[in-house]
Amino acid sequence: MTDDPFAPIAGPRVVAALVPQATPSDPQGYIAPVPARGMRSIPSSHPQLGQAKHIYSYTNAEGFVLFYVIRFEDPKERKTFRPATVWRGADGKPEWRWAAPPAPRPLFNLHELAKRAHAPVLLVEGEKAATAARKFMQAWVVTTSYGGAQGVAHADWSALRGRKVTIWPDADEAGAAYARDATEAIFRAGAACVQVVKLDRRFKDGWDLGDWGDAAIAQPVPDVRVMHWMMDKAPFVTSSVEDAGPLPGSA
């Protein structure tokens, strides 16, 4: 079950060091990168959502953290995501907020995209899948866009200009939709080519690269080299956006 990353947290309380949800209307109040001094650390728990399962950092091309995405899971393993960003408060000092950064938003792992400028790119849906795939897809720079399918139109895809991109979708309808939308956005940004991995019946509904190696989950293929082969043989797709206007960040 996916969750709206832009939704406010229920209830009046928030994590210590974070102010209540305030969807920013003034981009000039947003502060990034995160100041190196004078800021409290991101807490690892929340009074309503419990203990954070993962904390993911989005960086600029130089590797400085711009904002965080925090993943929570309830006992039934239902996912909830919250962005933590820094804004200028009423007193002029920086403060944490549960608020999405203004668009266009950077891709995940942007510093590695900049560092490995000639490497092929693997696009997945979600920070968990991207973080896991980096361990066994080392020939590729692995990235994702903030907010999943809901965030495609608000992402800055310009880092993929001129790049060879392969998309590994989640094994469900939402994953296929994300792959279609991302393909259009990537072409608008000027990618050299795009391939989309075709998943067969071996990949059960909802499976993604974040599930690879999980002993509690039946794995669709016996060896990661099979997945490498699937990526190499993934069909190239064409764009239907030649006459469409550019997406944010693609100019």
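Predicted model: local features only at pLDDT ≥ 70, side-chain atom pairs only at ≥ 80, totals over all residues.

Trainee: Where does leucine 122 lie, and what is it in contact with?

Mentor: Leucine 122 lies in strand E8, residues 121-123. Leaving aside neighbours within four places in sequence, its contacts include Ala133, Met137, Trp140, Thr166, Trp168, Leu209 and Met231. Contact here means heavy atoms within 4.5 Å.

Trainee: How far apart are leucine 122 and alanine 133 in sequence and in space?

Mentor: They are 11 residues apart in sequence. From C-alpha to C-alpha they are 8.9 Å apart.

Trainee: Which residues have the most contacts inside the largest nonpolar core?

Mentor: Leu122, Val124, Met137, Trp168, Leu209 and Met227. That core has 33 residues. The largest share, four residues, comes from H4.

Trainee: What is methionine 137 in contact with?

Mentor: Beyond its neighbours within four places in sequence, methionine 137 is in contact with Leu122, Val142, Trp168, Met227, His228 and Met231. Another core, of 23 residues, lies apart from the largest one, and Val165, Ile167, Ala179 and Val194 are among its members.

Trainee: Now H4. Which of its residues are buried?

Mentor: Val224, Met227, Met230 and Met231.

Trainee: What puts these residues on the same side of H4?

Mentor: They cover an arc of only 105° around the axis, so they sit on the same side of H4. The face turned away from that buried side carries the exposed residues Arg225, Trp229 and Asp232. The buried residues pack against E8, E10 and E11.

Trainee: Next, strand E6. What makes E6 mostly covered?

Mentor: The strand runs over residues 79-88, and eight of its 10 residues are buried.

Trainee: How do you know that E2 and E6 pair?

Mentor: Pairing needs at least two bridges. E2 and E6 have two, in the antiparallel sense, so they pair. Isoleucine 31 stands opposite valine 86 there.

Trainee: How many bridges does E6 have with E5, and with E7?

Mentor: E5 and E6 pair antiparallel over six bridges, with valine 69 partnered by proline 83. E6 and E7 pair antiparallel over four bridges, with tryptophan 87 partnered by glutamate 95.

Trainee: What lies between E6 and E7 in their hairpin?

Mentor: Five residues lie between them. Glycine 92, in the turn, has a positive phi of about 85°.

Trainee: Last, the open sheet of five strands. What is its order?

Mentor: The order is E9-E8-E10-E11-E12, with mixed pairing. Strands of a sheet pair through backbone hydrogen bonds, either parallel or antiparallel.

Trainee: Why are E9 and E12 called edge strands?

Mentor: Each pairs on one side only. E9 covers 141-143, and E12 covers 236-237.

Trainee: How do you know that E11 and E12 pair?

Mentor: Two bridges join them, and they run antiparallel. At least two are needed, so E11 and E12 pair. One of the bridges sets glutamine 195 against phenylalanine 236 in E12.

Conventions
Residues numbered from 1 in each chain as written. Heavy atoms only, no water. Buried < 20%, exposed > 50% of the residue type's maximum accessible area, 1.4 Å probe, protein only. Core = buried A, V, L, I, M, F, W, Y, C linked by side-chain atoms within 4.5 Å. Arc of directions from axis to C-beta.
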